[in-house]
Amino acid sequence: MPDTNVSIVTQLSDLFDAYGARDYGEHCTQYEHMAQCGWWADQRGCKEPLVLAAFLHDIGHLIAEDQALPERDRWGYRFHDSLGADWLEARGLPATVTNPIRLHVQAKRYLVATRPGYADGLSAASRATLAQQGGPYDAAACRQFEAHPGSADAVVLRELDELGKSDDFELPPITVWLERLRRFVV
Ligand SMILES: [Fe+2]
């Protein structure tokens with residue numbers, strides 16, 4: 001577990017150094033996936049907090065590795081959404097960043113239930129984890145999700161999540177993302 005007195009950017013840098021190259025059932029590494037999602041967020045014209053949420057949305061998988069948590073499997077850590085959001089929130093990131101991260105798995109369950117054909121476009125890993133995560137929401141759960149103030153951004157993040165899985169994508173070095181985070185947190 002990183003020391004909370006160390007800057008959040010240093011802690012994130014250490015997590016990516018240690019675990020960013022790991023595979024989690026997709027055709028790209030954890031870092032490649034998260035950086036691609038951040039890139040797509042920029043292309044979509046998202047505001048900075050949502051771009052950073054896209055870049056950090058799966059950080060819970062890396063934290064779970066670092067903490068050697070049980071319940072990790074070939075897809076990563078089942079509760080990576082809440083773990084990542086809690087970890088970032090505890091280090092001062094605002095709800096505009098942490099809410100979409102906290103809700104991005106719920107957004108998948110919502111989109112599968114409400115958007116025709118959405119499930120067909122999911123990667124094999126996303127389909128496998130959907131079942132593990134509880135499957136599509138029922139109507140009551142959909143209404144509850146929609147009522148959450150962060151749900152709209154979480155839906156956008158979930159769309160970016162599925163886009164950022166290419167195995168042929170030229171990415172900037174991680175220092176570009178770390179510098180962007182540094183500017184955001186000061
Ligand atoms: Fe993801």
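Predicted model: local features only at pLDDT ≥ 70, side-chain atom pairs only at ≥ 80, totals over all residues.
Local features need pLDDT of at least 70 and side-chain atom pairs 80 or more, while totals for chains, interfaces and linings use all residues. Residues are numbered from 1 along each chain as its sequence is written, and side-chain values use heavy atoms, without hydrogens or water.

The protein chain has 10 helices and 2 strands (DSSP runs numbered from the N terminus: helices are H or I, at least four residues; strands are E, at least two). From the N terminus on, the order is α-α-α-α-β-β-α-α-α-α-α-α. The C-alpha trace spans about 45 × 35 × 30 Å along its principal axes. Of the 186 residues, 52% count as buried (under 20% relative accessible area, 1.4 Å probe, protein chains only).

The iron ion has four protein donors, His33 (NE2), His57 (NE2), Asp58 (OD) and Asp161 (OD), at 2.1 to 2.2 Å. Donors are N, O and S atoms within 2.8 Å of the metal (3.2 Å for Na, K and Ca); water is not among the atoms, so sites may look incomplete. Along the chain, the donor spacing is H-x23-H-D-x102-D. Both histidine 57 and aspartate 58 are buried.

Helix α4 covers residues 59-66. Of its 8 residues, 6 are buried: Ile59, Gly60, His61, Leu62, Ile63 and Ala64. These buried residues pack against several elements, including α1 (8-19), α2 (30-43) and α5 (80-90). Alanine 68 follows α4 and has a positive phi, near 50 degrees.

Definitions and conventions: Buried < 20%, exposed > 50% of the residue type's maximum accessible area, 1.4 Å probe, protein only. Contact = heavy atoms within 4.5 Å.
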